[in-house]
Amino acid sequence: AEVFMNDGRELCPPATLETKGFELQSWPTRCTDFADEEEVVRTYYGEMMELVKSASGAERVFIFDHTLRETGNTNLNAAAGGGAAAPVPRVHCDYTVNGAPRRLLQLGEEGIYSRLRGRTLTSAEAQELSSGRFAFINVWRSIDDVHPVMREPLAVCDENSVPDDDRFIYELRFPDRTGENYSLRHSTEHKWYYYPKLTKDECLVFKVYDKKEDGPRFVFHSAFDEPGTPADAPPRRSIEVRAIAFFDPPPLTEEEVSAANARTATSEPFEGR
């Protein structure tokens, strides 16, 4: 079905995470080689932690994953750092109301490194974090040094236009776990947006789950074929980073506060991975 795509740059006031579930931020990066996983983790994760904090107001952010994507590739789920995957041309939201808390606990079992506490959190501490407000937030960026995005841009849907009944569950089977995301029934009432010709200095930030119920929680998104794309348009090359933002972290002990202040002086870059 054909869908009308609105120009997100024309929104006035601009969209924010709290009004529509997504927003555009100007956030240049110092990362020079996105194919180098060590550099991405060392440099880019810290930048994205600060961006998510700025956009969401969260006190703590955990960066746990990233994926490179490029048009022309066929694998939708290339491992982070292990080559680029293809853009995903399917409307979806990464988590469900039940799947997101379950994923947080799974990440807790795998080991969440806390920069503030200076150690890997226990499963019990991850459980405690899940009792407060948390949100899964994605950040999408072009990594083309020369060209703006001209092929298969990313579109996001204003969740205020999506009734709950339009969502349905889609299971993802992995060797070690089963994930859930939402798919979306088509409706002409849904309001879709994209930001034409995104540059490398711009980031599209959007929520894929928020525990807080009064506001946008599940932003549907998809790559799409933009009509009028020139046949010789350069491939779209992008990176998406996945984060968990914590708004109500448990208090630190006096010893942990002192240790965290000492680590801040050494500019350790990110909460975890």
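R141 stands opposite C203 in strand 11 of this predicted model. Strands here are DSSP runs of E with at least two residues, helices are runs of H or I with at least four, and both are numbered from the N terminus. Strand 6 (residues 134-142) and strand 11 run antiparallel and share seven bridges. Two strands count as paired if DSSP finds at least two bridges between them. Such pairing runs through backbone hydrogen bonds, parallel or antiparallel.

Residues are numbered from 1 along each chain as its sequence is written. Because the model is predicted, local features need pLDDT of at least 70 and side-chain atom pairs count only at pLDDT 80 or more, while totals for chains, interfaces and linings use all residues; side-chain values use heavy atoms, with hydrogens and water left out.

Axes are lines fitted to C-alpha atoms, for helices over the stretch in contact, and angles run from 0 to 180 degrees between N-to-C directions. Contact means heavy atoms within 4.5 Å. Strand 11 (residues 202-210) has nine of its nine residues buried, so the rest of the structure largely encloses it. Buried means under 20% relative accessible area, exposed over 50%, and partly exposed in between, with a 1.4 Å probe and protein chains only.

A second open sheet has four strands in the order 1-10-7-12, with mixed pairing. Its edge strands are strand 1 (5-7) and strand 12 (221-223), each pairing on one side only. Neighbouring strands of this sheet are turned by 35° against each other on average, direction ignored. Strand 7 (residues 154-157) and strand 12 run antiparallel and are joined by three bridges. V156 has H221 of strand 12 as its bridge partner.

At chain level, the model holds four helices and 13 strands. Of its 273 residues, 53% count as buried. Among contacts between residues at least 6 apart in sequence, 77% join residues at least 24 apart. The accessible surface comes to about 12,900 Å², and 49% of that belongs to carbon and sulfur atoms. Areas come from the Shrake-Rupley method with a 1.4 Å probe; for residues, only the protein chains shown count as cover.

E47 is found in helix 1 (residues 37-56). This residue is buried, with a relative accessible area of 6%. Neighbours within four places in sequence aside, E47 is in contact with W27, T29, R30 and C31.

A cavity is a set of points where a 1.4 Å probe fits but cannot get out; a pocket is an open set with protein on both sides within 12 Å along at least five of seven lines; lining residues have an atom within 4 Å of a point. Grid points are joined across faces, edges and corners, and a volume is the space filled by probe spheres set on the points. The second largest pocket has a volume of about 430 Å³. Its lining holds 21 residues, of which A1, V3, M5, V91 and F224 lie nearest its centre. Strand 10 (192-194) and strand 12 each supply at least two residues of that lining. The whole structure shows one cavity of 30 Å³ or more. The largest cavity has a volume of about 40 Å³. Residues lining this cavity include S142, D144, H147, P234 and R237.

Most residues other than glycine have a negative phi, and most peptide bonds are trans. A cis peptide bond joins C12 and P13, with omega of about 5°. P13 lies in the loop between strand 1 and strand 2. E152, not a glycine, has a positive phi of about 45°. E152 sits in the loop between strand 6 and strand 7 and counts as buried at 18% relative accessibility. K197, also not a glycine, has a positive phi of about 55°. K197 belongs to the loop between strand 10 and strand 11 and is exposed, with a relative accessible area of 55%.
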